[in-house]
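These are my notebook entries on one structure.

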Amino acid sequence: MLIDSHAHLEMSPFDRDRDQVIRRAKEAGVEIIVTVGTTVEDCRRALEISRRYPGVYAVIGIHPHEVKDIKGATYDSLREMANQEKVVAYGEIGLDFFRNLSPRAMQIRRFGEQLELAAELNLPVVIHDRDAHRETMDLLKGWNGGRRGVIHCFSGDYPMAKQCIDLGFCISIPGTVTFEKNEKLRSIVRDLPLESLLVETDCPYLTPNPFRGRRNEPAYVVHTARRVAEIKGRPFVEVAAVTTANAKRVFNIP
Ligand SMILES: [Zn+2]
Ligand SMILES: [Zn+2]
């Protein structure tokens, strides 16, 4: 059994065949999918989907790209949603200084506010960090919340990964670990303890090899886990079992 720790099943690329996508994941052994909202509307959709499918859980929060649209009522809506049964974390929140779809200063302010909200709601966090490693670490180190959570789609270096783990976070490995050029991520995977790793698709994005170029979907997390097993020289079943246990622990999934 595997857990896709970060998917976006609520997004429109899955509108036509969501049932089949979730069925294919099950058939591939991916029994649990954590689907992550990025706007208030998408968080609602993520919640609806989690209610409809037993193996699907929801994460709610406002993505750094979208924080420019946060309004007075946004956090109240999120507070309401957070009470629902299948919500397992707050996110994805963080900083994206690669695309800068919201101004940087605003991203930093909203990240801080949402870390506080996660602490208030007593939820672990899902962190998005792209080209903002230093600022992300500053905020995470200064945060007084539970320090439970995941750095999703990890793109930093080994010292940063080690710091995150020492703070209490897990590191989630995406399909880019299968890309020929990504020796950097493979060397990080080699050096980190399996007990701190999760695997994810971030679908519909970041499709792993051998399907790169197509739409990504949760079933393909198998290829990522297989690659992690190869890198670590451990049996696939062990990597599946340990990453599943890690994800269940972080998200408090029974
Ligand atoms: Zn992300
Ligand atoms: Zn994402």
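**Entry 1: two helices.** I began with the residues through which H4 and H5 touch: Ile 108, Phe 111, Gly 112 and Leu 115 in H4 meet Glu 135, Thr 136, Leu 139 and Leu 140 in H5. Contact here means heavy atoms within 4.5 Å. I sorted the residues of this contact into five nonpolar, two polar and one charged. In this sorting, Ala, Val, Leu, Ile, Met, Phe, Trp, Tyr, Cys and Pro count as nonpolar, Asp, Glu, Lys and Arg as charged, and the others, Gly among them, as polar.

I noted the basis of the model: it is predicted, local features need pLDDT of at least 70, side-chain atom pairs count only at pLDDT 80 or more, and totals for chains, interfaces and linings use all residues. Residues are numbered from 1 along each chain as its sequence is written, chains are lettered from A and ligands numbered from 1 in the order in which they are written, and side-chain values use heavy atoms, with hydrogens and water left out.

Two packed helices are described by the angle between their axes and the distance between the axes. I found that the axes of H4 (residues 104-121) and H5 (residues 133-142) come within 11 Å and cross at roughly 30°. The axes are lines fitted to C-alpha atoms, for helices over the stretch in contact, and the angles run from 0 to 180 degrees between N-to-C directions. H4 and H5 are therefore roughly parallel to each other; angles under 35 degrees count as roughly parallel, over 145 as roughly antiparallel, 65 to 115 as roughly perpendicular and the rest as oblique. Helices (H or I, at least four residues) and strands (E, at least two) are DSSP runs, numbered from the N terminus.

**Entry 2: Ser 102.** I located Ser 102 in the loop between strand E4 (87-96) and H4. Is Ser 102 buried or exposed? Ser 102 counts as buried because its relative accessibility is 1%; buried means under 20% relative accessible area, exposed over 50%, and partly exposed in between (1.4 Å probe, protein chains only). A polar atom of its side chain lies 2.9 Å from the backbone oxygen of His 65. Leaving out residues up to four places away in sequence, I listed the residues that Ser 102 touches, among them Pro 64, His 65 and Gln 107.

Entry 3: Ala 58 sits in strand E3 (residues 56-60) and is buried, with a relative accessible area of 0%. Beyond four places away in sequence, Ala 58 touches residues including Thr 35, Leu 47 and Val 88. Ser 5 belongs to strand E1 (residues 2-7) and counts as buried at 4% relative accessibility. With the same exclusion of residues up to four places away, the contacts of Ser 5 include Val 34, Ser 172 and Phe 251.

**Entry 4: backbone details.** Which peptide bonds did I record as cis? The bond from Gly 91 to Glu 92 is cis, with omega near -5°, and Glu 92 lies in strand E4. The bond from Asn 209 to Pro 210 is also cis, with omega near 10°; Pro 210 is in the loop between strand E8 (197-199) and helix H8 (221-232).

Leu 206, in the loop between E8 and H8, has a positive phi near 55° although it is not glycine. Leu 206 counts as partly exposed at 28% relative accessibility. Asn 252, in the segment after helix H9 (236-251), has a positive phi of about 55° and counts as exposed at 62% relative accessibility.

Key
A polar contact is a pair of N or O atoms within 3.5 Å; within protein, one must be able to donate a hydrogen and the other to accept it, and residues adjacent in sequence count only if both atoms are side-chain atoms.
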